[in-house]
Amino acid sequence: MILAHFWFAFAGFGVALPLGAWQMYIRSPLHGWISDPDWYYRSVTAHGTTMAYVFPTLIAMGFGYFVAEAALKRPLIGLSWAWLGFALVVVGTVTAIIPVALGRASVLYTFYPPMIGSPFYYIGVVLVVVGSWVWVALMAINMQRWKRDNPGTPVPFAMFATVAGAYLWGWTAVGAALELLFQILPAALGLRSTIDAGLARVFFSWTLHAIVYFWLMPTYIAYYTILPRAIGGRLFSDTMGRISFILFLVVAMPIGIHHVFQDPEVGSGFKFLHSVFTAVVALPTLLTVFTICASVEIAGRLRGGKGVLGWLAALPWRNPVMLGAALSFVLLGFGGAGGLINMSYQLDSTIHNTQWVTGHFHLIFGGAIVIMYFVIAYDLWPHLTGRALDSVGLMRAQLWTWFVGMIVLTFPWHYVGILGMPRRMAFYDYSDPVIAAQAASVTMSVIGAAILVVSGALFFVVLARGHAAPRTEPPAYRFSVAVRPPRALPAALNGFGLWLSLMIALTLVNYGFPIAHLLATPGTAVPTVPMGARR
Amino acid sequence: MNREWAAILRSTWFPASVGITAALAVAGILVGFIWLPLANRNEQFHSVWDAICSAAGFVQNPAREPVIQATYPTTRVEVTPRMLRGASAESIGRGATLALRCTMCHGARGLSAANTPNLAGQYAVAIYKELMDFKTGARISAVMAPLVGDLSDQDMRDLAAYYAYLPRVLGSSPANEPPEIVASGAPLRGIAPCGACHGDISSKPGAAWLEGQPLDYLRTQLQDFASGARRNDIGEQMRNVARGMTVAEIDAASRFYAGLGGRAASPAEGAGIVASSKQH
C-alpha cells in the first residue's frame, strides 16, 4: 500500500517533469512562438496540479503510513480506509487531468478566478484533498490509540512530527476547499455567473503558504529521523525537534496574506500582521538548522573528526543520505534568503508577479524539498520492496545532477525576475531590444531544466534496478535516536490539543475579519470568464 | 484526553505559549493598525480610529474627484459570459422574418459580396451589442441608424439568435498562416493577439467572429478605432490596440481574416500579392 502511494506519486512526477522542461524551452529564445498559448497553459496547469497537489500529497501520505507502522511498531489501524483514501486521490487525479488535457481547464493550479474551467477539474482536486483528509484522520487515530495503549510513554518523535504535518494539512486545506466548494464549483456548474475573486484569493492564500510547509514536512522529518541514523550519529535534541514542528503547526498557517500583498481588497494592517508571523517561521527553521547541524557534528566527531572543522571532513559524504541532505540544506538556504525578500512588503513590490517568484518556489520545492523525497525513497525502498538498492554511485550522480540542474535553472530565473520579466506568459519577443538582454539567462534556465530531466530519468533507473535486484531480508527499520531519548515528556509536548487550539485561534485573529469584511461588502463580485468554452 | 488537558492547563506551557502568541499578535496589531498608518505621511487621518479602519481594509476618503463623463454616447450593453445562450426556435423564427429587411446589404442568408459584414454564424452577443449601439448612437452609421430605430430589445435579441443560428463560412484555411499580429500580438506595445479574443486561439464575450469578413470592412474598422471615429468599445480595448498597430499590421490582420493570406502583406513585399489569395 505504501509502495503504491510512492509509485503513483513518482509516476505523476515523471510525467510532469518533462512538461516543465518543455514549458521552459517553449518560452525561451531557442524556440519560436507556438501560435496557440492554450497548449502552454494546458501544460502549466497539468504540471502545477500534478507537482503541487498529487505528488507531495502522496509522498506525505505514503511516508506517513510508513512512519506510523515503523515508529509505533504495530500494524496501521484502518488499512482499508487508507486504501479508500488512495483510491480517492487516484480517481481525483484522473478526473482533474482529463479536462486539463482537453484544454477545458487551463486555469493553472492556483485556479485564478474569475477564470473558470470545467467543473470536473475542480471536482478532481476536491477528491484529492478528501483522500488526503482520510490520511489526516488515520494519522490522528493511530497516534491516539497508541497513546491510549501506552499511557505516560512519549510518542515516538517520527510519529509526532508526522501527525503535526497531517494536522497542518488538514486545517490549511480548508481555505482552498471553501473557495472550491462555495465559490468556484457553483460558478463552474453554471449556477452563478459572477464570483468574488478577491475573497477567493484570500481563501486561497489560507492554503497557499502552509501548503509549502506541508510539502516540506516529509523533508524535515527525514532531516530529523533518517539523516542522523544513516550517518551513524544521534539526534541532538528530541525536545528541540518537537518544538520546531509545533511552531510550524501554529505559525505556518495564518500567514498567507503575504501572498496578496499587492491586492487592494485586504487592509494594510492585516498584511503587516501576517508579515510578523511569517517572520516567526524563521524560528523553527533556524532551530532545525541548528539541531541538524549539531546532530551531524556528533556523527562527524563519532567518526573521528577533530578540531573546529575537522568533523566536516570525517562525514560519510559518499552516503546518498548525507549528500542529499547537505545539498538540500544549501538549496534551502538560497531559497530561504529569497523568501525573506518575498515576505517584505516593500521588496515584494519589486518582484511581485515576476519570474522571480516562480524561480523562488522551484528552488524551495523542486530543490530543497524534492531532493529529500529522493533520499526518502532511496532509504525506504529496500524495506518496501525487500530488495537491495545497490546503485549508490548512480544515486550520488542523480542527487548531484538534481542539485546542479536546480541551481542552473533557478538562479537565472530569479535574475530575469529582478529585471522585470513577468510570469504566467506564454510568449516573449526576445527580438525586442527591451528584453533581448534576458535571452541568455533564459537559455541558461533551459539547460538547467534539461539537466533536471536527465536527473529525473536517473532516479527511475535507480528504482528500477532496485526492483530487479535479488530478494534480501533488510534489517528492521530504525529511526534516529536522540542523544538523550525522552523518558517522560510534559503533556504539551506529547500531544496537539494546545497547539491545535492556538492554531485555530490565530487563524481566526488573522483571517476572521478580512473574510467577514469581504463577505459583507456588496458589489465585489465580477463576471466569470469561462476557459476553453468556445472557439 | 481530559487528563491531558488538565496536565497542560496546570503546566507553564499553557500560559507561556498563549501569552507569547497573544503578545506577538497584540504587538503586531498595535504596530500594523496604529503606528504604521499614522507614521505614513501620505495619508492624513482625522483620528486614530480612522487609521485603524483604513488598516482594516475600509476605504477611507473615497476619491473626491468627480467621475469623468464621456462627451459622447457610450455603449449601454453589459456583456456577460452566459448572455443570450440557448435561443428558442420561436426566437430564431421571428429573427428570420425580421432579417428580411437586412437582406439588401447582408445577403439572403447572412452572406453578401457588398463589403458589409457577413452575419451568418456570428456570435449572438456581438450582433445584439452592435444593434443596440447603433440604436443608442454609441456606434455611428448613417445607414444602420434609421434601420434600427424602431427595433425593440426583443427584436434585436431575435435577430441575434437568427444570425447566430445560420451556418458560418470559414474564412481561413489551414494554409492561411496567421500573421504575427494575429497569433502573438505585440506584447511590448501592449497589443494582445487578435486571435485571443476574436476566435482561433480563444474568444471573449462581446468580441466578434472575424473570419470571412470583407477586407475593406475590417480595415476601415481598425482605422476608425485608431482615429477614434468608432468608440463603442467601453474599455477602449480596441482603440488602444488599433492605435498601437502599424499600417502594415492593420493590413496584415485584415487580409488574414478576409482569407487573403496575412503574411504576404508585409510592406517589404509591397502590394499586388493577391495572386496568392484564396476566395471562398
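## Buried residues in helix H2 of chain B

A residue counts as buried when its relative accessible area is under 20%. In this predicted model, the buried residues of H2(B) are Ser17(B), Thr21(B), Ala25(B), Gly28(B), Gly32(B), Phe33(B) and Pro37(B). An α-helix has 3.6 residues a turn, so residues three or four places apart point the same way. The cover over the buried residues of H2(B) includes helices H9 (268–280) and H18 (497–520) of chain A, as well as helix H3 (48–56) of chain B.

H2(B) runs over residues 13–39 of chain B, and its 27 residues should span 39 Å at 1.5 Å a residue. The C-alpha atoms at its ends are 37 Å apart, which agrees with that expectation.

## Chain B as a whole

Chain B has twelve helices and zero strands. Buried residues make up 45% of its 280 residues. Among contacts in chain B between residues at least 6 apart in sequence, 61% join residues that are at least 24 apart.

## Two packed helices in chain A

Two packed helices are described by the angle between their axes and the distance between the axes. In chain A, helix H5 (residues 157–188) packs with helix H8 (residues 238–251) at an angle of about 5 degrees, and their axes are 9 Å apart. Angles under 35 degrees count as roughly parallel, and H5(A) and H8(A) are therefore roughly parallel to each other.

On the H5(A) side, the contact is made by Phe157(A), Phe160(A), Ala161(A), Ala164(A), Tyr167(A) and Leu168(A). H8(A) contributes Asp238(A), Gly241(A), Arg242(A), Phe245(A), Ile246(A), Phe248(A) and Leu249(A). By class, the contact has ten nonpolar residues, one polar residue and two charged residues.

## The loop between H3 and S1 of chain A

Most residues other than glycine have a negative phi, and most peptide bonds are trans. The loop between helix H3 (79–101) and strand S1 (115–116) of chain A, where Pro114(A) is placed, holds exceptions. A cis peptide bond joins Pro113(A) and Pro114(A), with omega at about 15 degrees.

Leu108(A) is in the loop between H3 and S1 of chain A, and has a positive phi of about 65 degrees although it is not a glycine. At 10% relative accessibility, Leu108(A) counts as buried. Tyr112(A) lies in the loop between H3 and S1 too; its phi is positive, near 45 degrees. Tyr112(A) is buried, with a relative accessible area of 18%.

Terms used. Residues numbered from 1 in each chain as written. Chains lettered and ligands numbered in written order. Predicted model: local features only at pLDDT ≥ 70, side-chain atom pairs only at ≥ 80, totals over all residues. Heavy atoms only, no water. Axes fitted to C-alpha atoms, helices over the stretch in contact; angles between N-to-C directions. Helix = DSSP H or I, 4+ residues; strand = E, 2+ residues; numbered from the N terminus. Parallel < 35°, antiparallel > 145°, perpendicular 65-115°, else oblique. Contact = heavy atoms within 4.5 Å. Nonpolar A, V, L, I, M, F, W, Y, C, P; charged D, E, K, R; others polar. Expected span 1.5 Å × (residues − 1). Buried < 20%, exposed > 50% of the residue type's maximum accessible area, 1.4 Å probe, protein only.
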